[in-house]
Amino acid sequence: MRYLMLINIHTARWAELSSAERNQIHADCGVWNEELVRAGKSVDGVALQPPSTATTLREENGKVTITDGPFAETKEVLGGFAVLECVDLDEVLAIAKRFPGLRVGTALELRPFMTGPCVD
């Protein structure tokens, strides 16, 4: 089963880290990901540019609006994602618990992929 692991960074805690600490977390995440790739558990994953580079689209009353940046003020921002191939929730939880970013306030959201049609 495939799971999407959304990586939400706590912006205030991240900003408090020194460059060396941030670089170490990035390096540790790289090692973590390489181990998953070798084990056949990581299907894909990317880090995202900061929220200031985002463009948000919304439709209201038939009109699409486009704004720069994220829409809502929040303590956490989506920093990236990983697609993991796991047997079940227990396996993906075991993998996610080892994610190095957890040490600095990162929150992970795990969601299984839909396997059938998108219907209610």
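## Structure report: a predicted single-chain model

With a relative accessible area of 37%, Arg2 counts as partly exposed. The model is predicted, so local features require pLDDT of at least 70 and side-chain atom pairs count only at pLDDT 80 or more, whereas totals for chains, interfaces and linings use all residues. Residues are numbered from 1 along each chain as its sequence is written, and side-chain values rest on heavy atoms, without hydrogens or water.

### Overall architecture

Three helices and six strands make up the secondary structure of the chain. Both kinds of element are DSSP runs numbered from the N terminus: helices are H or I with at least four residues, and strands are E with at least two. Read from the N terminus, the order is β-α-α-β-β-β-β-α-β. Along the principal axes, the C-alpha atoms occupy a box of roughly 50 × 45 × 20 Å.

Of the 120 residues in the chain, 27% are buried. Among contacts with a separation of 6 or more, 76% join residues 24 or more positions apart; a contact means heavy atoms within 4.5 Å. The chain exposes about 8300 Å², of which carbon and sulfur atoms supply 55%. Accessible areas come from the Shrake-Rupley method with a 1.4 Å probe, and for residues only the protein chains shown count as cover.

### Charges and salt bridges

There are 12 positive and 17 negative side chains, and the centres of the two sets lie 3 Å apart. Lys and Arg count as positive and Asp and Glu as negative, while His and the chain ends are not counted. Each charge is placed at NZ of Lys, CZ of Arg, CG of Asp or CD of Glu.

The structure holds four salt bridges, each defined as a side-chain nitrogen of Lys or Arg within 4 Å of a carboxyl oxygen of Asp or Glu. One of them joins the side chains of Glu85 and Arg2, at 2.8 Å from N to O. This pair links distant parts of the chain, with Glu85 in strand β5 and Arg2 in strand β1 (residues 2–10), 83 residues apart.

Another salt bridge is formed by Asp28 and Arg103, whose closest N and O atoms are 2.6 Å apart. Here too distant parts of the chain are linked: Asp28 belongs to helix α2 (residues 19–38) and Arg103 to the loop between α3 (89–96) and β6 (107–112), a separation of 75 residues. Arg111 and Glu109 also form a salt bridge, their closest N and O atoms being 2.5 Å apart.

| Residue | Relative accessibility | Class |
|---|---|---|
| Glu85 | 27% | partly exposed |
| Arg103 | 51% | exposed |
| Arg111 | 48% | partly exposed |
| Glu109 | 30% | partly exposed |

### Surface patch and a loop residue

On the surface, Val46, Leu48 and Leu78 form a nonpolar patch with about 220 Å² of accessible area together. Patches consist of residues with over 30% relative accessible area and no salt bridge; like charges are joined within 9 Å and nonpolar side chains (Val, Leu, Ile, Met, Phe, Trp, Tyr) within 5 Å. Leu78 lies in strand β5 (residues 76–85) and, at 38% relative accessibility, is partly exposed.

Asn61 is located in the loop between β3 (55–60) and β4 (63–68). Its phi is near 55 degrees, a positive value in a residue other than glycine. Most residues other than glycine have a negative phi. Asn61 is exposed, with a relative accessible area of 77%.

Definitions and conventions. Buried means under 20% relative accessible area, exposed over 50%, partly exposed in between (1.4 Å probe, protein chains only).
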